[in-house]
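Please examine the sequence and the three-dimensional structure shown below.

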Amino acid sequence: MKLVLAEKPSVGAELARVLGAKQKHHGYFEGNGYLVTWSLGHLLTLKMPEQYHPEWKEWSFETLPMIPERLETTPLKQTRSQLAVVKSLAKRSDIDMAVIATDAGREGELVARYIFNYLQFKKPIKRLWISSQTDQAIREGFAKLKPAKEYDDLYQAALARAEADWLVGLNVSRALTIKYDDSLSAGRVQTPTLAFVAKREQQINAFKPETYYQVSVATDRGEAKLDQKLSADAAQALVSQLDQQPLTVTAIKTKAHKELPPLLYDLNELQQVANQKFGYSPKQTLNYLQNLYEREKLVTYPRTDSKYLTTDLKGSLMARLAAMSPYRPEARSFSSQQPANSVFNNAKVGDHYGLIPTEQVLNASKLDQDELRIYRLIADRFLDLFKPAYQATTYTVTLTAGKQSLTLKETAVVDPGFKDVAKSDVTPLKVGEKLTGHANRTAKKTTPKPRLNEATLLGKMDQFGLGTPATRADIIEKLQSSELMRKQGRDLLMTPKGNQLLKLVNSRLVTPDLTAKWEASLKQIESGQLKRQTFMQDIKQETTALVTEIKRSTATYQDHSLTQKHCPVCDSLLKEKQTKQGVLLICTNPSCNYKRYRDPKVTNHRCSQCHKKMVILTGAKGDYFKCLNCGNTEAMTEAKGKSKRVNKREERKLIDRYSKPDEEAESPLAAALKAAMKNQ
C-alpha cells in the first residue's frame, strides 16, 4: 500500500480519482493499492519562543535575541485533526512506501518534510513532480517517481528560509515592539520592499516641475519635431519662422526592424500585466491562476520563474493547440509549426517551465470572467509563439529650414506577424524634396516618475531578487494589512507608520542588498553549492547584531493611529485600524479585548417602518439595530423573530449574518507572530 500526501483536499481528491482510490473516508481516500491523504497547507510550524524557554514568553530586551540551539516544529492547533489522520495512516502496517505529492516547489517540499519528519516515518519516500494537474500528467508522474532524497537540497533551502524568517522576523519585530510600544513588524524581504515605495514617494515630493515648450510642424507626411526644450518666447519666434516655410529633406536613414514574438509568461510578469490591464492585485491573479491549474487543469504550474520550455515538451504542442480550439479556432492551424527555437532552452528552466495551456480541452462556460481573462493572457502569449516575426521599415527623415533641423519618422509595416496591426506601405521621400506645414508650439511640464503600483513593485522585487514568485504577492498584501502602506486607486502610498518604521529599523534591512544576498544563498543551498548550517550561522550573527542596534537606538516614535477615545472597559486609549469593513477602534491594553467600529455598520437588515437598511450600534445592553433615516430602533431579538433576549452566541451569529467580518489569510509564521504579539 502506498501513502500519498497531497497539499490540499481538492488535489488529494483528484489524485485519488486518477489512481483509482475510490473509497472515501474521513480525511483520506483508499483503494487500488493507494491511501491518498492531504495536509491543509502547513500542518506544523516552527515552535514559538516560549515553547523553547518559558522566560521567552515575556516581551523584554532581557530575553533578546532569542536563538534556540535547534529550531523545532509543533502542530498547528487548527489542523490537529488532519495531522492525526495522516499519523494514523502512516502507522499502518500495510504501508510499504510514501509519495510526496505536495506542490512541486520549495514551500511544498517543506510542507511534506515537516510532516514526515515529525511522524518519524522510516519507510521509503518518493517524490511526485509534475507541472500540470491533467490526468495524463498525473499518470506519467506516478510512473516516473523519484527518490525523495534527490530533493533534499530543495528541502534544506526551504528549511533555511523558514528558520531565517523566524530568527530575523520574530527577534527584530519583538525588539521594535518593545522599544516603541506599538506593534511593529519588520522582515528581511518586506522591509526593503516597503523602502522601494518610500523612496519613490521621496523622489516625487522633492521633484520641482518645470514648464518648457516644444515646436513642431504638421506636414502632409506627418509631424516634424524640433528636439529642443525652449522658453515660451524662443518657441514663439521659431513658430513664426517655420510656419508655412519650406522644409528641405537633407538626410534619410532607413532601418529594417524585426521583432520576434515575446517569450512565455512567468508568474511575475503575468501578475504585472494583470494588474496593469485589469487592476488585479498580485494575490488575486495568483488565486485565479491556482484555480485554472488545480481545479480546471487548464494551465501549467503557476509559481514559475521561467519563461522558457524544455525540449521534451515539443511532442505535446499539437495536443495543447487542439485543446485551445474552442477558444481560438485557428489554434489547430499552428499544429504543423514549431515555435521559435529560442523558447526551448533547458538551461533556463529551473523547477518549472513557463506558463502554457495544458492538453485539457477548454470549456469557457465553467470559468468566471476573471479566470477567463487570465487564461486568455496565457493562451494568447502561447499562440504568439507560432506566429511570424513582426517586420517593419522605419524612415527617419531630417528636414532643415535655415539653421533649424527637424525630424520626421515614417514606418512601413512589412509583415504584422504576431502583432495586431495592419500592413502598411510608405513611399520614401527623397533628398531635396520640400515639405511645408503649420507650425505650433506645445507647452509641457517635466513630471516625476509615477508612484509605484503593485505591478511596478513586483518588477522591483524581481529586479533585486527579493522573495520568490510564490511569496511576493503575500508580502505586498502583508505590507498593506500591517498598515505600513496603502492603496489609493492603483497607486501605493506610504502611511505615517510605514515612514517611521523605515527610520526605526536597521539600515541594513532597509536596502535590498542584504536580503538579495540571502536569497542568492538560498538558491545555492537549493543547488547543493552551500550548506544550510553555514547560511544559518550567518543569520544568527546578523540577528544578534540587528537586535543590539535596536536596543541602542535613540530614535523616537509617534503612534499616529492613537486616538483620544477611551476604552469603556479599562479606560485605556483606543487606536484606529483600517479594515475592509471600516475603521476599527481597538483597545491599546494588551490584556483587554475591547474593539468596535468607529462608524455605524450598515447591514442588510431592513427597518420595519421605512424599509431602509439599518445600522448596528452598541449600547449599555449590547448591540441593537437603528435606522438612520427615521430613527426607529429594533432589538436583535426582533430581527430573529423572538421575544426573549438572545444570548451572546446568538447575538454574534446574528451580527455575522448581516455584516461579514474582515478575514485575512495568514502564513503560519504570520499567525504565530500575531499570536505572540497579543501575549506580550
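## Strand pairing and helix packing

In strand 4, Y34 is the bridge partner of G31. This description rests on a predicted model. Strand 3 and strand 4 run antiparallel and are joined by 4 bridges. Their hairpin has 2 residues between the strands, and N32 takes a positive phi near 55 degrees there.

Strand 3 also pairs with strand 2, in the antiparallel sense and over 3 bridges. Here E30 of strand 3 is the bridge partner of Q23. The hairpin of strand 2 and strand 3 likewise has 2 residues between the strands, and in this hairpin G27 takes a positive phi near 90 degrees.

In a regular strand, side chains alternate between the two faces of the sheet. In strand 3, Y28 and E30 point one way, while F29 and G31 point the other way; all are buried.

These strands belong to an open sheet of 7 strands, ordered 2-3-4-1-7-8-9, with mixed pairing. Strand 2 (23-25) and strand 9 (146-147) are the edge strands, each pairing on one side only. Strand 9 runs antiparallel to strand 8 (residues 125-127), with 2 bridges between them. R127 stands opposite K146 in strand 9.

| Strand pair | Bridges |
|---|---|
| Strand 2 and strand 3 | 3 bridges |
| Strand 3 and strand 4 | 4 bridges |
| Strand 8 and strand 9 | 2 bridges |
| Strand 19 and strand 20 | 2 bridges |

Helix 1 (residues 9-19) lies across strand 1, strand 3, strand 4 and strand 7 (97-101), and runs at about 165 degrees to strand 4. Helix 3 packs on the sheet as well, where it touches strand 1, strand 7 and strand 8; its direction makes about 150 degrees with that of strand 7.

Which residues of helix 2 (residues 80-90) are buried? They are Q82, L83, V85, V86, L89 and A90. Because these residues cover an arc of only 155 degrees around the axis, they lie on the same side of helix 2. They pack against several elements, including strand 1 (2-6), strand 3 (28-31), strand 4 (34-38) and helix 3 (106-118).

A further open sheet has 4 strands in the order 19-20-21-22, with antiparallel pairing. Strand 19 (562-566) and strand 22 (595-597) stand at the edges with a single partner strand each, so one side of each has no neighbour in the sheet. Neighbouring strands of this sheet are turned by 35 degrees against each other on average, direction ignored. H566 stands opposite L573 in strand 20.

How values were computed. Residues numbered from 1 in each chain as written. Predicted model: local features only at pLDDT ≥ 70, side-chain atom pairs only at ≥ 80, totals over all residues. Heavy atoms only, no water. Pairing = 2+ DSSP bridges. Axes fitted to C-alpha atoms, helices over the stretch in contact; angles between N-to-C directions. Buried < 20%, exposed > 50% of the residue type's maximum accessible area, 1.4 Å probe, protein only. Arc of directions from axis to C-beta. Contact = heavy atoms within 4.5 Å.
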